[in-house]
Amino acid sequence: MKVRDILALKGNVLYTITPEDSLAHAAEVMSEKDIGSLVVMSHERVVGILTFREVIQAAVRNGGSFGNTSVYRAMNPGPLICTLETELDEVRRMMVDHHARYLPVIEKQMLQGVISFYDVAKTVVDRQDFENRMLKAYIRDWPEDDGKAEPNLP
C-alpha cells in the first residue's frame, strides 16, 4: 500500500498557515478544526510544519502564553516528507524512527496532503481486519472431509 492509497481513503483536506501568522492564530485554527498540525506555506512552497508539540513548547518558553510569537519562530523548518508513491512500511519506519506524528506529502514540489500517525495506524488495522475476514471466510468454505483416510506412505 502506498501513501496515494491512504490519501484516497482519507481525503485531502489541507490546512495551512504562513510563517508570518501569529502562533495564537495557529492555535485557534488547530482548535477550531480539531487538527494536530498545520503545514506552513510561503510562496506556494512548504517551509515547515507546526504541530501541537511546537505550539506547547513555544508557549512554555514564553512563560505559558503565546505573546507575539510568530509561526516562524515555533515551527519545525525541516519536517520529514513523503511522496504519493512512498510505501506504507517506509512511512511507518520514518515516523517511528524520527518520532514524527505528521508527514506532509509532496509531489512535484506541490503539497498533496498530510499523513498522520493515526492515518497510518488506522490503515494497518483496517488492512489486518480485511485479511482476517478473508481468512475466516476461506476457513468457513474449507472443503468437507470426504471420510477417506489418508494413504499410508512408506
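Colleague: Why does S37 count as buried?

Modeller: Its relative accessibility is 9%, and buried means under 20% relative accessible area, exposed over 50% and partly exposed in between (1.4 Å probe, protein chains only). S37 therefore counts as buried. Do keep in mind that this is a predicted model, where local features need pLDDT of at least 70 and side-chain atom pairs pLDDT 80 or more, while totals for chains, interfaces and linings use all residues. Residues are numbered from 1 along each chain as its sequence is written, and side-chain values use heavy atoms, with hydrogens and water left out.

Colleague: Where does S37 sit, and what does S37 touch?

Modeller: S37 belongs to strand β2; helices (H or I, at least four residues) and strands (E, at least two) are DSSP runs, numbered from the N terminus. Contact means heavy atoms within 4.5 Å. Leaving out residues up to four places away in sequence, S37 touches M30, I49, L50, T51, Y102 and V114.

Colleague: How do you know which strands pair with β2 (residues 37–42)?

Modeller: Two strands pair if DSSP finds at least two bridges between them. β1 and β2 run parallel and are joined by two bridges, so they meet that criterion. β2 and β3 pair in the antiparallel sense over six bridges. For examples of facing residues, I17 is opposite V40 in β2, and V39 is opposite I49 in β3.

Colleague: What is the strand order in this open sheet, and why are β1 and β3 said to stand at the edges?

Modeller: The order is β1-β2-β3, with mixed pairing. β1 (16–17) and β3 (45–51) each have a single partner strand, so one side of each is left without a neighbour in the sheet. β2 and β3 also form a hairpin, with two residues between them, and H43 in that turn has a positive phi of about 55 degrees.

Colleague: Which other strands form a hairpin with two residues between them?

Modeller: That would be β4 and β5, with K108 in the turn at a positive phi of about 55 degrees. These strands pair in the antiparallel sense over six bridges, and L103 has I115 in β5 as its bridge partner. β5 is mostly covered, with five of its seven residues buried.

Colleague: What makes you say that the buried residues of α5 lie on the same side of the helix?

Modeller: In α5 (residues 88–98), the buried residues are L88, V91, M94 and M95. They cover an arc of only 125 degrees around the axis, which puts them on the same side of α5; that arc is taken from the directions from the helix axis to the C-beta atoms. They pack against α1 (3–10), β4 (102–107), β5 (110–116) and α6 (117–140).

Colleague: Why is a set of residues called a nonpolar core?

Modeller: The name applies to buried Ala, Val, Leu, Ile, Met, Phe, Trp, Tyr and Cys residues joined through side-chain atoms within 4.5 Å. The largest one here has 15 residues, of which V3, V91, L103, V105 and I115 touch the most other members. α1, α5, β4 and α6 each supply at least two residues, and α5 gives the most, with four. A second, separate core of 14 residues includes V29, M30, V40 and V55.

Colleague: How do you know how the reach of α6 compares with the expected span?

Modeller: The expected span is 1.5 Å times one less than the number of residues. α6 has 24 residues and reaches 35 Å from its first C-alpha to its last, close to the 34 Å expected. Its buried residues are D119, V120, T123 and V124.

Colleague: And what makes H99 buried or exposed?

Modeller: H99, in the loop between α5 and β4, has 60% relative accessibility, so H99 counts as exposed. Its phi is positive, about 55 degrees.
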